[in-house]
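My notes follow the order in which I looked things up.

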Amino acid sequence: MVLERVALTGASGMLGRHLLALCAENKISYLAASRTTWDLADWKSPAELDRLFPGASALIHAGALIADGRDTSAFRALLDVNVRSALCLGQWARQKGIPLVFISSATVY
């Protein structure tokens with residue numbers, strides 16, 4: 001499989017910035033989404049994801065939210081960002097017939 005254009009969430013994060021550097025180093029075109037371009041708590045429809053990641057041949061989902069475990073008000077945001085967005089992106093990738101890599105460094109905290 002040749003990666004022509006990789007879509008990446010979490011592009012400004014701990015893993016994402018290194019993945020972008022690898023793409024650039026290997027001359028792989030990429031479409032990057034970070035908190036400034038998309039808050040993962042806001043669900044996107046398949047059409048909106050098509051506009052965000054046009055022509056993607058693969059998706060790497062490295063976006064995550066880390067919250068203070070003592071703040072119970074953050075549970076909804078944690079669910080939206082870390083679970084619902086992964087489900088939404090997975091459904092979109094499956095619909096498009098493109099591979100999805102889910103990777104997160106959130107568990108190290």
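Bridge partners came up before anything else. I looked up Val-6 and found Ala-58 as its bridge partner in E3. I kept in mind that this is a predicted model.

Next I took the pair of strands. E1 covers residues 5–9 and E3 covers residues 58–61. They pair in the parallel sense, over four bridges. I then checked Thr-9 and found His-61 of E3 opposite.

I turned to the other neighbour. E1 also pairs with E2 in the parallel sense, here over five bridges.

Then I wanted the whole sheet. Which order do the four strands take? I read E2-E1-E3-E4, an open sheet with parallel pairing. Strand E2 (29–33) and strand E4 (100–102) are the edge strands, and each pairs on one side only. From one strand to the next, the twist averages 15°. A reminder to myself: strands of a sheet pair through backbone hydrogen bonds.

Helices next. H1 (residues 16–25) lies across E1, E2 and E3 and runs at about 170° to E1. I traced E1, H1 and E2 and noted a right-handed β-α-β unit. H3 (residues 75–96) lies across E1, E3 and E4, running at about 170° to E3.

Why is E1 largely enclosed by the rest of the structure? I found four of its five residues buried, so I wrote E1 down as largely enclosed. The cut-off for buried is under 20% relative accessible area.

Note on methods. Residues are numbered from 1 along each chain as its sequence is written. This is a predicted model: local features need pLDDT of at least 70, side-chain atom pairs count only at pLDDT 80 or more; totals for chains, interfaces and linings use all residues. Side-chain values use heavy atoms; hydrogens and water are left out. Two strands pair if DSSP finds at least two bridges between them. Helices (H or I, at least four residues) and strands (E, at least two) are DSSP runs, numbered from the N terminus. Axes are lines fitted to C-alpha atoms, for helices over the stretch in contact, and angles run from 0 to 180 degrees between N-to-C directions. Contact means heavy atoms within 4.5 Å. Buried means under 20% relative accessible area, exposed over 50%, partly exposed in between (1.4 Å probe, protein chains only). A crossover is right-handed if, with the strands pointing away from the viewer, the path from the first strand over the helix to the second runs clockwise.
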